[in-house]
Amino acid sequence: MSIPLVFSADDYRHMARALELARKGVYTTDPNPNVGCVIVAPDGTVLGEGWHQKAGEAHAEVHALKQAAGRAVGATVYVTLEPCSHHGRTPPCADALVAAGVAKVIYAMQDPNPQVAGAGLEKLRAAGIETACGLMEAEARELNRGFVKRMQTGRPWVSAKLAVSMDGRTALKSGESKWITGAAARADVQRLRAGSSAILTGIGTVLADDPRLDVRDSAAGLASQPQRIVADSALRMPLDASMLSAGGPVRIFHSTGSAGREQDLSGRNVLCKRLPAKDGRVNLAAILDVLGSDGCNRLLVEAGPTLNGALLEAGLIDEVIVYQAATVMGADARGMFACTGINTMQDLIPLRLVDVRHLGDDLRLTYRMV
């Protein structure tokens, strides 16, 4: 049976705590979702708390039940995602909750994973456990937007990050761009990288800036470095590029590179994959399909106007994160998106501003696609 979808102030408080716990795993659970759980006795006493800490290890419900230490009979469970019902690398959480004798399970959102998608709910109901879904669902979806999108579309959530001047320029005419923003903004970018599954750039950016694209501050408890991905249609990657000696493999997607060039790069810890070409370059949608099939939830794009513009024109970007400095670079400097076909006001690409934050003297502006 289901309890009415009318939630109390205590329900909100406990689910807010479960979401707070879920956020603790933001750097370590990939490719799994971030999940938090709170178990509460009928008298309101919190018996156990937990969150999914690392992929392949115990889920949030198991940690919370362990802390409850056998006292969960008749309790209410608040969990940010529908308890799983399938055997993966760990046993089903729905079975653990049934065995513990809980009375109610309130979860924020249904699991978008087709392997679960309501099956966990059915297991709980079959055992006579009351259930309710939808408490703080928007917050839960936002926390796991990458996982949700991958489950629904097979592709990761794509965030394009740009550092720009007040007049929207990303580099001088010469290509020089270090540093447009200040230390606080650059530190925030490190956190953004750490929360991403992979970082994508184009070969133009590699040749111009020679970036490492790694996370240089792992104080957040980073489980592993994000994958570094390069769109390099003709395999022009220099063998002495900094990212090839920064630790961990680099993955290059190309469309016209030679087998000999692939072999040369493989000796530098590079994984090359040939994909079909589209519009004279490697097919960007195909790159996202491959990354999604490999479990990539959140893809961060750190690239120049050519790749950014191509992704935007193809409708492959979900959000744009702009770090804006209080400087002017002038008309000769490079722009943000090299888009074509925008000739009238009706051709404009609409965005929605969803977040504004101060970072030292800079602004961080987050836009979502409309």
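Close-up 1. D355 is partly exposed because its relative accessibility is 22%, a class that lies between buried (under 20% relative accessible area) and exposed (over 50%), as judged with a 1.4 Å probe on protein chains only. R357 is also placed in the partly exposed class, at 46% relative accessibility. The side chains of D355 and R357 form a salt bridge with an N to O distance of 2.9 Å; the term denotes a side-chain nitrogen of Lys or Arg within 4 Å of a carboxyl oxygen of Asp or Glu. Through shared partners, salt bridges connect D188, R191, D355, R357 and R364 in one network.

The model is predicted, so that local features require pLDDT of at least 70 and side-chain atom pairs pLDDT 80 or more, whereas totals for chains, interfaces and linings use all residues. Residues are numbered from 1 along each chain as its sequence is written, and side-chain values use heavy atoms, without hydrogens and water.

**Close-up 2. The salt bridge of K123 and D95.** A distance of 3.0 Å, N to O, separates the side chains in this salt bridge. K123 belongs to helix α4 (residues 119–126) and D95 to helix α3 (residues 93–100), so the pair links distant parts of the chain, 28 residues apart. Helices are DSSP runs of H or I with at least four residues, and strands are runs of E with at least two, numbered from the N terminus. K123 is partly exposed at 31% relative accessibility, and D95 is partly exposed at 35%.

**Close-up 3. The salt bridge of R193 and E302.** The closest N and O atoms of R193 and E302 are 2.7 Å apart. R193 lies in helix α7 (residues 183–194), and E302 in the loop between β13 (298–301) and α11 (305–313). Both residues, R193 and E302, are buried.
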